[in-house]
Amino acid sequence: MTINNNKNTKRFWFNNQEPFGYSQLAKYAFFLAMYLCLVSCNYKSRMSVSTIKTENGWGYTITQNDKIIIKQTIIPAVENNSSFKSKRDAMKVGELVLQKLNNNLSPTVTKNDLNLLSIKI
C-alpha cells in the first residue's frame, strides 16, 4: 500500500517558503540603514589650516569641510592687537590649534605656547 503524499509535500513547501515581500524588504532596509549609520559614524570631518595676509602681517584660518570655523588675524594671548610677523609664525600657531582640535582639546593658545613655538611678538 502506497501513500501519495505529493499534495502534503507541496503544501509543506509553500507553507515554509517565505515570499519576497515586506518582511524581506524590511530586512534589507534595516541592513542598509545600519550600513549607512556605520559609514556616517566613521566619517571624519576634514579640517585644514591656511595662512592669510592681513593689513599688518599674517593670520591663519582653520576650515572644516571648506567652511571657515576659526579666523585669527591677531596673535592670541597677547595684549596688543598685532598680527603675526611672518607667514611661518602664523602657520605654526594655526597647526597647533588644529592639533588641539583634532585631539578634542580647547583651541586656546597661551603665552607659553607662543614661547614654545618661538613666535616673534
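Student: Which side chains meet in a salt bridge?

Tutor: The model is a predicted one. By the rule applied here, the count comes to one salt bridge. Its N to O distance is 3.0 Å, and the side chains that meet are those of Lys100 and Asp113.

Student: Why does this pair tie together parts that are apart in sequence, and how many residues apart are they?

Tutor: Lys100 lies in helix 3, residues 87–102. Asp113 lies in helix 4, residues 111–116. The two partners therefore belong to separate helices, and the pair ties together parts whose distance in sequence is 13 residues.

Student: Is Lys100 buried or exposed?

Tutor: A residue counts as buried under 20% relative accessible area. The relative accessibility of Lys100 is 15%, so Lys100 falls under that limit.

Student: What span does helix 3 reach from its first C-alpha to its last?

Tutor: Helix 3 has 16 residues. At 1.5 Å a residue, a span of 22 Å is expected, and the model comes close to it. From first to last C-alpha, helix 3 reaches 22 Å.

Student: Against which elements do the buried residues of helix 3 pack?

Tutor: The buried residues of helix 3 include Asp89, Val93, Val97 and Lys100. An α-helix has 3.6 residues a turn, so residues three or four places apart point the same way. The packing partners of the buried residues in helix 3 are strand 1 (47–53), strand 2 (58–64), strand 3 (67–72) and helix 4.

Student: Which element supplies the largest share of the largest nonpolar core?

Tutor: This core has 16 residues, and Tyr60, Ile62, Phe84, Val93, Val97 and Leu114 have the most contacts inside it. Strand 1, strand 2 and helix 3 each supply at least two residues of the core. The largest share is five residues, and it comes from helix 3.

Student: What is the relative accessible area of Thr61?

Tutor: Thr61 is found in strand 2. Beyond its neighbours within four places in sequence, Thr61 is in contact with Ser48, Val49, Ser50, Ile52, Ile68, Ile70 and Lys71. Thr61 is buried, and its relative accessible area is 5%.

Student: How much accessible area do Leu32, Tyr35, Leu36 and Val39 have together?

Tutor: Leu32 is found in helix 2, residues 22–42. With Tyr35, Leu36 and Val39, Leu32 forms a nonpolar patch on the surface. Together these residues have an accessible area of about 410 Å².

Student: Where is the place of Ala77, a residue with a positive phi?

Tutor: Phi of Ala77 is near 70 degrees, although the residue is other than glycine. At 34% relative accessibility, Ala77 counts as partly exposed. Its place is in the loop between strand 3 and helix 3.

Student: What pattern does the protein chain follow along the sequence?

Tutor: The protein chain has 121 residues, of which 26% count as buried. Its secondary structure comes to four helices and three strands. Read along the sequence, the pattern is α-α-β-β-β-α-α.

Technical notes. Residues are numbered from 1 along each chain as its sequence is written. This is a predicted model: local features need pLDDT of at least 70, side-chain atom pairs count only at pLDDT 80 or more; totals for chains, interfaces and linings use all residues. Side-chain values use heavy atoms; hydrogens and water are left out. A salt bridge is a side-chain nitrogen of Lys or Arg within 4 Å of a carboxyl oxygen of Asp or Glu. Buried means under 20% relative accessible area, exposed over 50%, partly exposed in between (1.4 Å probe, protein chains only). The expected span of a helix is 1.5 Å times one less than its number of residues. Contact means heavy atoms within 4.5 Å. A nonpolar core is a set of buried Ala, Val, Leu, Ile, Met, Phe, Trp, Tyr and Cys residues joined through side-chain atoms within 4.5 Å. Patches are made of residues with over 30% relative accessible area and no salt bridge: like charges are joined within 9 Å, nonpolar side chains (Val, Leu, Ile, Met, Phe, Trp, Tyr) within 5 Å. Accessible areas come from the Shrake-Rupley method with a 1.4 Å probe; for residues, only the protein chains shown count as cover.
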